Amino acid sequence: MRHGLMTWRESELSQADVLARQRRLQAAMRESNLDAVLLYTNHVRSGAVTFMTGFTPYWADALLLLPADGRALFAVALSKRVGTWIQSTNPTVEVAHSPQPGRLIGDRLVALGAKKIGVVELDRLPGGLVDEIRAVATAVELTDASALFGTVRSLPDTAEAGLARQADAIAAAAFATAPSKLTRVGDVTEALELSVRNAGAEECYVATAPDLASDARLSRVKGGVRLGTIFAVRLSVAYGGTWIRRTETFASFGADATLSAIAYAADELAAKLDLGADVARQIENFNWPAGATVADWSIEAPFGTRPLQRVASKAAPPLEAIPYGVLSLRLDSRTPVLLTRLVGIFGQAVARRSSA
Amino acid sequence: MAAREVAARRRQRLTEAMRDAGFDVVVLFGNAWQNDYLRYAADFGILEGEGIAIVDRTGETTLYLDDPLEAERAAAECPDLATVVSTDIVADVLQSLQRYANHRIAAGPRRNLPYGLSRHREDMHLGDPTPMLDRLLMVKAKEELDAIRDAAHLADEGYAVFRNAARAGRADYELVAEIEAFFRANGVDDNFMLVGVGGREVRGMTPPTGKRLSPGDLVTTELTPCVDGYYVQICRTLVVGEPSSLQQKAFGVYLEAMKAGISVVAPGVTAADIAKAENDVFHRHGLGEYTTSEYTRVRGHGLGLFPDTKPQILEDVTTRIEEGMSLIVHPNTYHPEVGYIVLGDSMIVGPTGPEILTRTARELFGTAATGGVA
């Protein structure tokens, strides 16, 4: 579930911002002769609805029906008792509650006389919701609208860029202020969670590779596990529904000049990476300090209903248009070095704790 | 008991249930919201993306994940699990199922199964494993109950952290930050948690909204730490400062109702019997209106691999309570004079009655004027 602060911040994402996004999708659906587009959300697949409304469900699931003209209907399985909170954090849509949100959508489709409905990621929509819709709206045609949605979702968005920058700054500050002499994984996760959530983040996941010399895989590690000489931590942070990741590699004995130089180089690469050009070439031709070389890389970006999804990698480099991304690097140095940076947005955070 | 042994016991029970139900293969879908069916078979605590497990009658399990980072994590955390990473897990699972063309396949849970699979219900003769899994999830093996017992102390310790964090001037999300930090440092993978701060204007609990605690506020929370997949819940209410006599009087109704509900818990009664015992107390105090869905969702529920599993404790739920279930009884609802109050304890249903797991005092707590526990 979502545990952190969930509130509407008009100064960071305004109603005008999300309404403009809705209008762009409505224009696209009219060009495609769709009567409406249906978007699914839960806290795992929150990306599409969050982008269109600013709202993420902390729990349960919901459907957003955006007709080709007019106001969107948000049908949610959460009860009316939390309706005030939902409306306060989802102010641009009509909110309706039901244990069977698909039926509410079906009723509305019938009322609208809608015939052809685009569904983002139709094959991933819960089958029970399709059954609920079809029990009421027996004549509607459901067609996949993922590509159509992608044409709107992939556009750079000023408000979203601001939220991503803020999420990145929260993550960078957490790393920068974490105590430098830590011995257990739990010490790291505790400090980072506290910092990120106190800064107003909506959610935070911590993954650790406690000893890069033996295993470079990032996972959820029990708190009592001891940190090795070189370890890495990945923070995945959501702020205002916008997700970023940031990974840092540390030396448990304190400041390490080589790691610091590589981390600053990653900042430099992230700041100048041109997502509209050949990304693979830019990454592979980059001059790393201390003889480090790129062993692997990937880029994630908001995609469909996913807040972040891998969209390019060393093995599959072609990159389609994305609004912003996070670049994860695995570098070979005297041990593997893991780093993740926000890319495609000017002004990424650069603060790190002194040992990196 | 090691989590791996608990998972092995679950898989044994699953294959036995499959045999009894006549299924050769089950396909189980899940994500971080609804992970219980998936986790029952494939012992992986998924966080991002979605997963589908294919389990054959020998218990051999393959987990399909659509997120490469999650696949890397699964490889590290569950080294014995066969994992496939793919952007289109629905298509890949359909492809894999072709080799079971002459077998009896079931796919679920029915409501959340992706449409790309559920639309083949007829042509692939897909059975519904939902009732089978629901029963396995409700009535647990001894090893699972031991895992739940082991996790229970963290609910109490978490609430102690919450009480110490609560003081006038702090924001609700800062309390949650302390809880989450404590839990992550102490082996808690996940936590279902809602809060409420205020007085009569508060009708329920939500995620943190940024509200700051003020003297006299009721602060409600339900903490549900998850250890190795198993959730245990505690519900308590505190007052910022000293509780007023009105708040104490109101709290007395909830304490009486919770005790009444717990006193009924035993094998053979129904979920409705427990709910009625709780609600009767409210009726006796002239508060019967506040036991309806207008003011409250459920009067308790099952716990296990999901924080809010069957049976729901409601007067219209006739599910029979059995030994080996784990439940919470919580008469949480709105009180017209003071606002929303919560109180609940987790328990395991034993052969003759409940074994209470959470041990935090059943009090309306107060905080000192400048913070921390009074």
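Which residues touch the most other members of the largest nonpolar core?

Modeller: The model is predicted, so read what follows as computed from that prediction. Four residues touch the most other members of the largest nonpolar core: A:Val37, A:Leu64, A:Ala167 and A:Val237. The core itself holds 237 residues. Helix H7 of chain B, residues 142-165, gives the most to this core, with 10 residues. As background, nonpolar side chains tend to be buried together in soluble globular proteins.

Take A:Ala167 up close. Leaving out residues up to four places away in sequence, A:Ala167 touches A:Ala201, A:Val237, A:Ala238, A:Tyr239, A:Thr242, A:Trp243 and A:Ile244.

Now the domains of chain A. The domain assignment gives domain 1 as 15-153 and domain 2 as 158-343. Their C-alpha centres lie 33 Å apart. The contact between these domains takes 16 residues from domain 1 of chain A and 8 residues from domain 2 of chain A. On the domain 1 side, the elements giving two or more residues are strand E1 (36-41), helix H2 (47-53) and helix H6 (146-153) of chain A. H2(A) gives the most to that side, with 4 residues. By class, the side counts 5 nonpolar, 7 polar and 4 charged residues.

Chain B is also divided in two. Domain 1 of chain B is 3-137, and domain 2 is 142-366. The C-alpha centres of these two domains lie 32 Å apart. Domain 1 of chain B puts 11 residues into their contact, and domain 2 of chain B puts in 12 residues. On the domain 1 side, helix H1 (3-21), helix H2 (36-41) and helix H6 (130-138) of chain B each supply at least two residues.

Next, the contact between the chains. Chain B contributes 45 residues and chain A 42 residues. On the chain B side, helix H3 (68-77), helix H5 (115-118), helix H8 (172-185) and strand E6 (190-198) each supply at least two residues. H8(B) has the largest share of that side, 9 residues. The class count for the side of chain B that touches chain A is 19 nonpolar, 12 polar and 14 charged residues.

Stay in chain B for its open sheet. Here 5 strands run in the order E4-E3-E2-E1-E5, with mixed pairing. Strand E4 (82-85) and strand E5 (105-108) of chain B stand at the edges; each has a single partner strand, so one side of each is left without a neighbour in the sheet. From one strand to the next, the twist averages 20°. Strand E1 (residues 25-31) of chain B runs parallel to E5(B), and 4 bridges join the two. In that pair, B:Val25 has B:Ile105 in E5(B) as its bridge partner. Helix H4 (residues 89-97) of chain B packs on this sheet. H4(B) touches E1, strand E2 (50-56), strand E3 (61-65), E4 and E5 of chain B. The direction of H4(B) makes about 10° with that of E2(B).

Strand E14, residues 345-349, is mostly covered: 5 of its 5 residues are buried. B:Asp345, B:Met347 and B:Val349 point one way from E14(B), while B:Ser346 and B:Ile348 point the other way. Both sets are buried. E14(B) pairs in the antiparallel sense with strand E11 (residues 326-329) of chain B, over 4 bridges. There, B:Ile328 stands opposite B:Ser346 of E14(B). E14(B) also pairs in the antiparallel sense with strand E15 (residues 354-356) of chain B, over 3 bridges. In E15(B), the bridge partner of B:Ile348 is B:Glu355. E14(B) and E15(B) form a hairpin, with 4 residues between them.

Note on methods
Residues are numbered from 1 along each chain as its sequence is written. Chains are lettered from A and ligands numbered from 1 in the order in which they are written. This is a predicted model: local features need pLDDT of at least 70, side-chain atom pairs count only at pLDDT 80 or more; totals for chains, interfaces and linings use all residues. Two residues are in contact if their C-beta atoms, placed from the backbone, lie within 7 Å. Ala, Val, Leu, Ile, Met, Phe, Trp, Tyr, Cys and Pro count as nonpolar, Asp, Glu, Lys and Arg as charged, and the others, Gly among them, as polar. A nonpolar core is a set of buried Ala, Val, Leu, Ile, Met, Phe, Trp, Tyr and Cys residues joined through C-beta atoms within 7 Å. A residue is buried if 20 or more other C-beta atoms lie within 10 Å of its own, exposed if 12 or fewer, and partly exposed in between; C-beta atoms are placed from the backbone. Domain bounds come from an automatic or database domain assignment. Two strands pair if DSSP finds at least two bridges between them. Axes are lines fitted to C-alpha atoms, for helices over the stretch in contact, and angles run from 0 to 180 degrees between N-to-C directions.
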